[in-house]
Amino acid sequence: MPNPDDEREPTAKRSSAGMQNPIDLLEEEHRLFMDICTAFEQVADGLPEEADLGLARRAADILNIHQPAHYEDETAILFPALREKVGRDHIIARTLDELE
């Protein structure tokens with residue numbers, strides 16, 4: 001799991017600066033969130049006597065740092081691309097409208 005002190009810019013800003021494909025970055029972030037879920041499961045497995053509170057704090061810190069920018073990335077990059085692909089009247093587009 002990465003260091004919670006490693007703040008990051010949203011993918012849209014990083015990709016416009018010449019970095020990798022924005023969709024690849026979103027996939028990378030989804031893998032990070034899966035790692036965070038695994039960490040929380042490990043903490044839960046130790047409850048109540050042997051929960052690793054340090055791991056819980058690190059996972060929560062990383063989630064608090066990365067999730068807001070990730071949501072911004074999805075609404076700025078992924079959602080518009082999906083809407084363009086399926087059209088505004090498609091159920092996916094309507095679902096995206098509800099998520100925003």
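Author: Angles under 35 degrees count as roughly parallel, over 145 as roughly antiparallel, 65 to 115 as roughly perpendicular and the rest as oblique. This is a predicted model, in which local features need pLDDT of at least 70, side-chain atom pairs count only at pLDDT 80 or more, and totals for chains, interfaces and linings use all residues. Residues are numbered from 1 along each chain as its sequence is written, and side-chain values use heavy atoms, with hydrogens and water left out.

Reader: Why are helix 2 and helix 3 called roughly antiparallel?

Author: The axes of helix 2 (residues 22-45) and helix 3 (residues 53-86) cross at roughly 150 degrees and come within 10 Å. Roughly antiparallel requires an angle over 145 degrees, and helix 2 and helix 3 are therefore given that name. The contact of helix 2 with helix 3 has 17 nonpolar, 5 polar and 3 charged residues.

Reader: Why does arginine 83 count as buried?

Author: Buried means under 20% relative accessible area, exposed over 50%, and partly exposed in between, with a 1.4 Å probe and protein chains only. Arginine 83, in helix 3, has 12% relative accessibility and therefore counts as buried.

Reader: What makes the side chain of arginine 83 a polar contact partner, and with which residue?

Author: A polar contact is a pair of N or O atoms within 3.5 Å; within protein, one must be able to donate a hydrogen and the other to accept it, and residues adjacent in sequence count only if both atoms are side-chain atoms. The side chains of arginine 83 and aspartate 97 make such a contact at 2.8 Å.

Terms used. Axes fitted to C-alpha atoms, helices over the stretch in contact; angles between N-to-C directions. Helix = DSSP H or I, 4+ residues; strand = E, 2+ residues; numbered from the N terminus. Nonpolar A, V, L, I, M, F, W, Y, C, P; charged D, E, K, R; others polar.
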